[in-house]
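Please open the structure in a viewer and keep the sequence beside it.

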Amino acid sequence: MDETVTIKVTTPADSYREQVEKANADPILSYPFPLGSFPKQIQEVIHEVSESIGVDRSMVGLSVLVTAAAAIGNGAVLKVSNSYVEPSILWGALVAGSGAGKSPVISFVTKPLRDIHRDLVILNDERKKTHNLAYCDFKAGCDIRKAELKKHKGDKSKLKSAIPIEPPKLRIE
């Protein structure tokens, strides 16, 4: 009597495949991304980006939502009640394997904000330089005024220099 014994060997890859199949069968995870919730122009951008990079629209859509929330920041809040406001904070995670297109999507979607940030950093640097130069002029003027006061033994009527009394203030617009 020949008896055949069958042994099923499973590997981590088999277990992973089973988990993926189970997730794909779950109706909660199988709903399509609500692209229609976006304005028409944004829908077109999401479609074009997803097609050109070769990723799912949900990857681009989520990136757009999170980037928009970051752009709004604390500039607008939702007043839920007199004592409670909800800021525009949205967390999102793109979960995909290596080479799935996460970085190109994030890079494309965040480029306008990165450009604005770069321009503001440049403008801030220029304004700081202008302020620092004005402050140096003020400080030098103060030193000249102090020297004149010392020379004239504190008699302000003999001062020749018209040095401002207040230091320059950094103006924020």
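Among contacts in the protein between residues at least 6 apart in sequence, what percentage join residues at least 24 apart? The share is 51%, where contact means heavy atoms within 4.5 Å.

This is a predicted model, in which local features need pLDDT of at least 70 and side-chain atom pairs count only at pLDDT 80 or more, whereas totals for chains, interfaces and linings use all residues. Residues are numbered from 1 along each chain as its sequence is written, and side-chain values use heavy atoms, with hydrogens and water left out.

**The whole protein**

Begin by selecting the entire protein and colouring it by secondary structure. It has 4 helices and 2 strands, and along the sequence they follow the pattern α-α-α-β-β-α. Helices (H or I, at least four residues) and strands (E, at least two) are DSSP runs, numbered from the N terminus.

Next, display the surface. The accessible surface of the protein comes to about 14,200 Å², and 60% of it belongs to carbon and sulfur atoms; such areas come from the Shrake-Rupley method with a 1.4 Å probe, and for residues only the protein chains shown count as cover. Of the 173 residues in the protein, 15% are buried. Buried means under 20% relative accessible area, exposed means over 50%, and partly exposed lies in between (1.4 Å probe, protein chains only).

**Helices α2 and α3**

Now select residues 40-53, which form helix α2, and residues 57-72, which form helix α3. Two packed helices are described by the angle between their axes and the distance between the axes. Here the axes come within 8 Å and cross at roughly 130°. Axes are lines fitted to C-alpha atoms, for helices over the stretch in contact, and angles run from 0 to 180 degrees between N-to-C directions. The helices α2 and α3 are therefore oblique to each other: angles under 35 degrees count as roughly parallel, over 145 as roughly antiparallel, 65 to 115 as roughly perpendicular, and the rest as oblique.

Show the side chains where the two helices meet. From α2, the contact involves Ile-42, Ile-46, His-47, Val-49, Ser-50 and Glu-51; from α3, Arg-57, Val-60, Gly-61 and Val-64 take part. By class, this contact has 5 nonpolar, 3 polar and 2 charged residues. Ala, Val, Leu, Ile, Met, Phe, Trp, Tyr, Cys and Pro count as nonpolar, Asp, Glu, Lys and Arg as charged, and the others, Gly among them, as polar.

**Ser-50**

Remain in helix α2 and select Ser-50. Is this residue, Ser-50, buried or exposed? Ser-50 counts as buried, because its relative accessibility is 2%. Apart from residues up to four places away in sequence, Ser-50 touches Val-55, Asp-56, Arg-57 and Val-60.

**The loop between β2 and α4**

Proceed to Trp-91, in the loop between β2 (84-87) and α4. Trp-91 counts as exposed because its relative accessibility is 78%. Its C-alpha lies 6.5 Å from that of Val-66, although Trp-91 and Val-66 are 25 residues apart in sequence.

Gly-92 lies in the loop between β2 and α4, and at 43% relative accessibility Gly-92 counts as partly exposed. Leaving aside neighbours within four places in sequence, Gly-92 is in contact with Leu-62 and Val-66.

**Leu-113**

Finally, select Leu-113 in helix α4 (residues 102-151). Leu-113 is partly exposed, with a relative accessible area of 31%. Which residues does Leu-113 touch, not counting those up to four places away in sequence? Leu-113 touches Thr-67 and Ala-71.
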